[in-house]
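These are my notebook entries on a structure that I looked up. I set down the terms as I needed them.

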Amino acid sequence: MFTYVLRRLLGAVPTMFVIVTIAFFMIRLAPGGPFDLERPLDPLIMQNLERAYNFDKPLWQQYFIYLGNLAQGDLGPSFTRRDFSVVDLFRVGLPVSIQIGSLSMLIALIVGTVLGALAALRQNSWVDYMVVGTATFGITIPTFVIAPLLSLLFGVLMGWLPAGGWGTWKHMILPVVTLSLPQIAVVARLTRGATIEALRSNHVRTARAYGLPTRVVVGVHALRAAMLPVVSYLGPAAASLLTGSVVVETIFGIPGIGRYFVQGALGRDYTLVMGTVVVIALFVIVFNLIVDILYAWLDPRVRYD
Amino acid sequence: MMKSLLSATCLATVLLTAAPMLATAQAEVVYNRGNDTDPTTLDHHKTSTIPEANLMRDLYEGLVVPNAKAEVVPGVAESWEISQDGLTYTFKLRNDAKWSNGDPVTAGDFVFAYQRIQDPKTAAPYANMLYPIVNAEAINKGEKQAADLGAKAIDDHTLEIKLNAPTPYFLQLLTHQASFPLHQKSVEQFGDQYTRPGNMVSNGAYMLEAFTPNDKIVMRKNPNFHDAANVKIDVVNYIPFEERATCLRRFEAGEVLSCSDIDNAQMDYMKEKLGDQLHIAPYLGSYYLPVKVKKEKLADPRVRQALSMAIDRDFLAKEIWRESMLPGYSIVPPGIDNYPDPVFLPYKDKDILDREDEAKKLLEEAGVKEGSLTVELRHNTGENHKNTMTAVADMLKNIGVNATIVEMEGTGYFDYMKNDGDFDLTRAGWIGDYSDPQNFLFLFESANLGFNYPRWSNADYDKLMAEAATTTDLAARSKILRQAEELFLKEVPAIPILYYSSTALVSPKLKGWEDNIMNQHATRWLSVEN
């Protein structure tokens with residue numbers, strides 16, 4: 001197992017290299033640059049700026065400068081937020097995104113599996129219809145509709161919670177609910193399907209035949225098998241949740257890192273976009289690895305040696 | 001001995017812990033203030049946007065400042081003299097002006113700042129604001145040394161500034177953040193880290209306490225500010241709202257006391273629900289359609305005039321922009337300083353149907369048959385820009401001109417126009433940096449390749465602009481500038497269609513907010529009532 005993890009981690013290095021290289025040149029292909037504003041700058045001032053940020057050097061030189069800095073953990077200065085380095089921005093934003101993302105994940109996992117399992121056990125009953133109906137609803141309504149609605153309802157009309165902003169635990173409730181609702185829906189549906197299938201599988205039938213109590217049959221044997229598709233879904237989902245959501249952060253005014261991707265891309269903030277790409281890629285790689293390890297633990301048939 | 005020391009320590013501890021308690025007993029006045037977006041930087045030499053200007057106006061004080069009505073009033077300078085030829089300004093600095101760390105604000109701080117902004121290494125986007133100062137441009141180009149700048153400290157409290165030419169709007173320029181002083185010691189000590197909370201020393205009514213990107217910038221009242229006694233708000237939290245609807249919700253929830261902008265889509269709702277908390281004021285800006293004049297089909301001024309006539313500005317302002325813009329018939333917005341007699345397109349008050357007939361006649365004269373002219377309308381991404389162009393295309397159809405619409409993404413768009421892109425008509429906007437017609441008319445000087453998107457070149461226009469630049473008599477100068485605009489409106493290389501207006505939400509709890517053409521509202525003039 002240990003050698004497997006090590007091998008995977010080593011394999012991530014060339015993957016990261018390819019991602020960084022492609023991203024570096026792709027963002028440069030986009031027309032314009034970080035200093036193009038609605039009102040163009042004096043050519044002389046533009047020259048001064050380009051010199052200050054190495055933009056006057058050939059692209060391949062800039063690429064190697066970037067790679068060299070990246071290897072030392074330096075993601076460079078941000079062009080659109082010049083009082084901060086990209087690392088500074090992530091130091092402030094990442095903990096915020098992780099807090100909200102992991103809370104939503106946790107809620108989605110617990111509520112989703114419980115609802116899904118209940119629906120599976122009471123298949124074709126009103127409980128099942130309720131869960132499936134609500135889940136379909138939850139998946140189809142986009143967050144950019146739910147978020148302002150929740151903010152309007154609980155923030156403006158009722159005044160129970162802050163309509164937006166960041167600071168106390170109260171500020172977290174609405175964004176976490178918004179983020180977890182569609183995840184709950186997906187997890188519930190996956191759990192339901194997988195549990196129904198697991199309940200019909202041979203090893204569960206065997207467990208029943210042994211006369212094990214239903215609690216054990218469902219809780220240990222069926223659910224464990226049913227978790228496989230949920231886990232493989234949650235890996236990439238976690239990577240995207242923890243790296244922040246543009247929509248939720250913008251609507252609730254949360255200082256996470258989700259917005260940097262869009263702000264960086266629109267402002268041609270090359271280093272900020274690159275930094276976001278690196279962070280997201282890292283999260284995806286790590287979570288895929290976690291999923292694979294969990295797989296081996298959940299399903300005894302999977303072996304990585 | 002031991003005992004008295006102990007009791008002294010106890011007493012000190014009690015006093016120390018009690019002091020902050022006493023301070024918090026009088027509740028702090030906090031103002032949560034919506035801003036358009038976060039600043040690119042808090043180094044005012046490197047700023048260029050309006051939300052940045054809002055922040056700088058609170059952090060720093062220039063020689064002169066805009067008051068609540070955006071009139072120029074004394075700031076760090078308590079008085080000034082202008083020489084007969086209009087070339088030398090001598091400012092007398094107030095004795096009680098202090099930095100937030102208690103250091104006195106001296107003439108040297110201004111000289112240091114003015115030299116730094118021209119240093120090519122600073123790469124300041126608004127270095128040109130101070131180009132009227134002797135040698136400023138040459139220093140910015142790297143041709144002269146910083147010490148050659150025409151700004152000198154005669155003594156700690158006397159600053160002399162020499163200009164290249166009489167610049168009637170020079171005091172207006174000094175209200176811009178490019179003209180603010182800098183605390184030399186902290187800038188030199190911290191280098192590019194001097195803008196960090198804890199490092200930054202400022203001389204305005206407020207000082208920087210914290211900056212969390214995408215969350216808020218916290219400013220606290222500067223106790224060393226010379227007019228601190230009249231500053232009523234203790235803490236300002238500048239909150240960036242890229243999503244205007246979010247600001248509206250937080251405004252309605254009472255979490256912010258003002259929004260710097262509104263979501264036009266919700267205009268009807270706000271008019272009904274918020275009443276006079278919704279502020280719409282004329283603003284120093286024009287929205288116009290540059291026409292690529294060197295294209296054969298658009299080279300004839302009669303064709304351009306016909307296109308202009310057919311555009312129903314009232315419809316655009318009311319239906320597309322929901323009154324967040326005003327119908328525009330000139331490139332210089334009315335109400336500007338130093339321009340008592342504005343000039344407009346002659347058909348400003350004519351009925352649109354008559355205008356269409358007249359436009360058709362003009363096209364005929366120019367030899368353009370009905371349906372034979374097709375123009376491309378290009379715009380950058382944005383719901384309102386798109387709708388504006390769609391409406392314009394419809395209006396042009398009424399005079400037998402076909403139009404196609406092309407959308408471009410924002411960043412590449414301005415680059416494309418600047419680099420002489422192959423367009424027919426585009427859209428562009430200009431917000432004045434100071435209240436003077438020159439700041440709008442210079443856009444179309446033939447040498448101004450950065451902004452003259454139509455690439456219009458008219459020797460008479462250039463001559464008038466050059467003449468205005470050296471005319472000291474304000475009345476005579478305004479007449480020359482008027483002639484220039486008259487010429488521009490006859491040739492319409494860019495079709496003015498709208499004036500900007502500033503929109504804001506202002507809570508009734510916030511007192512002292514005066515609508516003004518510059519949309520400047522320094523927090524020091526405001527107060528909060530519960």
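I count as a salt bridge a side-chain nitrogen of Lys or Arg within 4 Å of a carboxyl oxygen of Asp or Glu. The model is predicted, with local features needing pLDDT of at least 70, side-chain atom pairs counting only at pLDDT 80 or more, and totals for chains, interfaces and linings using all residues. Residues are numbered from 1 along each chain as its sequence is written, chains are lettered from A and ligands numbered from 1 in the order in which they are written, and side-chain values use heavy atoms, without hydrogens and water.

**Entry 1: chains A and B.** I looked up the salt bridges across the interface of chain B and chain A and found 3. In one, the side chains of Arg81(A) and Asp38(B) meet at 2.9 Å, N to O. I noted that 48 residues of chain B are in contact (heavy atoms within 4.5 Å) with 46 residues of chain A.

**Entry 2: helix H5 of chain A.** I took helices as DSSP runs of H or I with at least four residues, numbered from the N terminus. H5(A) covers residues 126-140. I found Val127(A), Asp128(A), Val131(A), Ala135(A) and Gly138(A) buried, that is, under 20% relative accessible area, where exposed is over 50% and partly exposed lies in between (1.4 Å probe, protein chains only). Helices H4 (86-121) and H7 (170-199) of chain A are among what covers the buried residues.

Definitions and conventions:
Helices (H or I, at least four residues) and strands (E, at least two) are DSSP runs, numbered from the N terminus. The expected span of a helix is 1.5 Å times one less than its number of residues.
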